[in-house]
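These are my notebook entries on one chain.

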Amino acid sequence: MIEDIQAAIPLGFLLSIIIGPVFFVLLETGATKGFRAALCFDLGVIIADGLFILIAYFSSFQLLENLSNQPGLYVFGGVILLVYGITTFLKKQQKKLETPLKGSKGYLNLMVKGFLLNFINIGVLVFWLGVVIVVGPSVNNDPKRIILFFTTMIVSYLFIDIIKILLAKQLKRKLTLERTHYIKKGLGIVLIVCGLVLIVKGFLPKDQLNIEKGIEIIREQ
């Protein structure tokens, strides 16, 4: 059990520092809206990760085949990210700085935003599929050990994210209307790039998606 925890913690840290749309939106939310808002956003992301883990665990082989035959899923997620990024980039400069959220509705909206932003990225599902394929046999497919492994991984991920949020919050004191505007412009560019990357993946030949290689690994076991 201790070995499973020791193996899961580095993966949780790695997951937290992977550069992607969620990474930048989390920092932007922490800097402009505060700790609680960013934490709610992050909880939505984690809920999506948990759902992906369940999907990957119960249908890894069949899902790999489906993904290899339907690269259009990448295009779909990429288009959504692209549109969101363009909207963020073109948004006009605010007339006043954002104030901390009040009421449960605003926090719930951020949680939903985190969930959707993570869920539409099919690359995240592929990541969890890869982890499940590797981790499952290494823990003898023992459900208790699998639950312990992924719980530890998610907790480690959340721990590092909390540190990132606290660091981003320190920037709030130095934010001006102009700086906030440029941050959102930069975020929009990041989302546009991530969306384009997903779209390109959707048009790549199947043998370059690396999904069929995962299927071959399963068949050889």
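I took helices (H or I, at least four residues) and strands (E, at least two) as DSSP runs, numbered from the N terminus. With these I read the pattern along the sequence as α-α-α-α-α-α-α-α-α; the chain has nine helices and zero strands.

I noted the basis of the entries. The model is predicted, so that local features need pLDDT of at least 70 and side-chain atom pairs count only at pLDDT 80 or more, while totals for chains, interfaces and linings use all residues. Residues are numbered from 1 along each chain as its sequence is written, and side-chain values use heavy atoms, with hydrogens and water left out.

I next looked up burial (buried: under 20% relative accessible area; exposed: over 50%; partly exposed in between; 1.4 Å probe, protein chains only). Of the 221 residues in the chain, 43% are buried.

I then searched for salt bridges, each a side-chain nitrogen of Lys or Arg within 4 Å of a carboxyl oxygen of Asp or Glu. I found one salt bridge by this rule. It joins the side chains of lysine 164 and aspartate 161, at 2.9 Å from N to O. The two residues are three apart in helix H7 (residues 143-169), and therefore about one helical turn separates them. Lysine 164 is buried at 11% relative accessibility, and aspartate 161 is buried at 1%.

Last, I looked up threonine 32, which lies in helix H2 (residues 21-33). Threonine 32 is buried, with a relative accessible area of 4%. A polar atom of its side chain lies 2.7 Å from the backbone oxygen of glutamate 28.

Methods: A polar contact is a pair of N or O atoms within 3.5 Å; within protein, one must be able to donate a hydrogen and the other to accept it, and residues adjacent in sequence count only if both atoms are side-chain atoms.
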